[in-house]
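Visitor: I am new to reading protein models, and I would like to learn how to go through one feature at a time. Could we look at one together?

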Amino acid sequence: MTSARPFLDVSGLAKRFPTRGGGETTVFEQVDFTMDRGEFVCVIGHSGCGKSTILNILAGLDSASSGAVVMDGREISGPGLDRGVVFQNYSLLPWATALENVVFAIRARHRDWSRQQIRAHALSHLAKVGLSGGAEHRKPAELSGGMRQRVSIARAFAIEPRLLLLDEPFGALDALTRGTIQDELIRIWSDTDQSVFMITHDVDEAILLADRILLMTNGPRARIAESVVIDIPRPRARDTILHDPAFYAIRNHLVEFLTRRSRELAAGAAGAGTGAPRTVRFGRDGSAQGVDVVPFQRAAR
Ligand SMILES: Nc1ncnc2c1ncn2[C@@H]1O[C@H](COP(=O)(O)OP(=O)(O)OP(=O)(O)O)[C@@H](O)[C@H]1O
């Protein structure tokens, strides 16, 4: 069932930067989308269309030139512990151990918790991402890239944010590590009602993880042109998902968007649309249907 008011409501978002000649450039405009509680949404679009800027605005680390972001009925106007952010470059405190990195975040969130409570909570979240048996006492420089990203994910989940913002979190990892951490991410997310907004360049990763994929046109004046519903049943596994009748239809649709339509739909191009994204859903046989509204229903995970 959908509620009358979405968990996250982004409307009319635009970002402009001044240019050297005294003018300004519009990176994106008319960005409109909503997210429901517990939904996992991925964003795909070419480099420079403004994905990270949108994520930073949702995080409260950047401000929009116009438009609004309303989460749980309140407008976002700065950073807050109701949102957790994971960047590609880990952003861990270099002088603190993995455990301390997580502990500091929990302490900021739960000021009334005892030291033992905080430590136990941190250790349990580190264990969920496979960091135990000594690794939790190492500093970031003594950890591999995959382990550092695990610490970032544990830290983000440990503060139990309502919205988790992930900016290409697996971009720097090798395929094997990437797969393992994707599985860990999905397992932790499945046990919560947290919503996830994730940027990725990897269409297979997006299909594996997302309930919905937002497709952005090329900048400048980029916008979200389509919202593609991924209703491949969960749990999804990387090897068996390839046999789902809808998988290649969705994959082809995304690749075709990136190679052709992201450019054709860009502002100024003939036939470029405006306004809210078109919702696209694929039938279980892989046939595409353009529909206006698809209610989000949290599927079994
Ligand atoms: N402070 C700034 N001043 C001027 N332009 C900026 C500034 N910050 C970002 N931009 C421009 O805004 C555009 C969008 O940047 P953003 O990093 O959000 O894109 P992206 O879609 O996340 O790209 P990528 O996929 O490469 O990470 C880029 O063209 C970038 O050069």
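Guide: We will go through the sheet, then the helices, then the surroundings of the ligand. This is a predicted model, in which local features need pLDDT of at least 70 and side-chain atom pairs count only at pLDDT 80 or more, while totals for chains, interfaces and linings use all residues. Residues are numbered from 1 along each chain as its sequence is written.

Visitor: In what order do the four strands of the open sheet lie?

Guide: Strands of a sheet pair through backbone hydrogen bonds, either parallel or antiparallel. Helices (H or I, at least four residues) and strands (E, at least two) are DSSP runs, numbered from the N terminus, and two strands pair if DSSP finds at least two bridges between them. Here the order is 2-1-4-5, and the pairing is antiparallel. Strand 2 (24-35) and strand 5 (74-75) stand at the edges with a single partner strand each, so one side of each has no neighbour in the sheet.

Visitor: How many bridges join strand 1 to strand 2, and how many join strand 1 to strand 4?

Guide: Strand 1 and strand 2 pair over eight bridges in the antiparallel sense, and Arg-16 has Thr-26 in strand 2 as its bridge partner. These two strands form a hairpin with five residues between them, and Gly-22 in the turn has a positive phi of about 95°. Strand 1 (residues 8-18) also pairs with strand 4 (residues 66-71), antiparallel over five bridges, where Ser-11 has Ala-68 as its bridge partner in strand 4.

Visitor: How should I read the packing of two helices, and at what angle do helix 2 and helix 4 pack?

Guide: Axes are lines fitted to C-alpha atoms, for helices over the stretch in contact, and angles run from 0 to 180 degrees between N-to-C directions. Helix 2 (residues 98-109) and helix 4 (residues 145-158) pack at about 20°, with their axes 9 Å apart. That makes helix 2 roughly parallel to helix 4, since angles under 35 degrees count as roughly parallel, over 145 as roughly antiparallel, 65 to 115 as roughly perpendicular and the rest as oblique. Residues are in contact if their C-beta atoms, placed from the backbone, lie within 7 Å; on this basis Ala-98, Asn-101, Val-102, Ala-105 and Ile-106 in helix 2 meet Val-151, Ala-154, Arg-155 and Ala-158 in helix 4.

Visitor: At what angle does helix 2 pack with helix 3, and how do helix 3 and helix 4 cross?

Guide: Helix 2 and helix 3 (residues 115-128) pack at an angle of about 125°, with axes 9 Å apart, and they are therefore oblique to each other. The axes of helix 3 and helix 4 come within 9 Å and cross at roughly 130°, so this pair is oblique as well. The contact involves His-121, Ala-122, His-125, Leu-126 and Lys-128 of helix 3, together with Ala-154, Phe-157 and Ala-158 of helix 4.

Visitor: Which residues are around the ligand?

Guide: A residue is near a molecule or strand if its C-beta atom, placed from the backbone, lies within 6 Å of it. The residues around the ligand are Phe-17, Val-27, Gly-45, Ser-47, Gly-48, Cys-49, Gly-50, Lys-51, Ser-52 and Thr-53. Helix 1 (residues 51-59) gives the most to this shell, with three residues. Helix 1 also lies across strand 1, strand 2 and strand 4, and runs at about 120° to strand 1.

Methods:
Contact = placed C-beta atoms within 7 Å.
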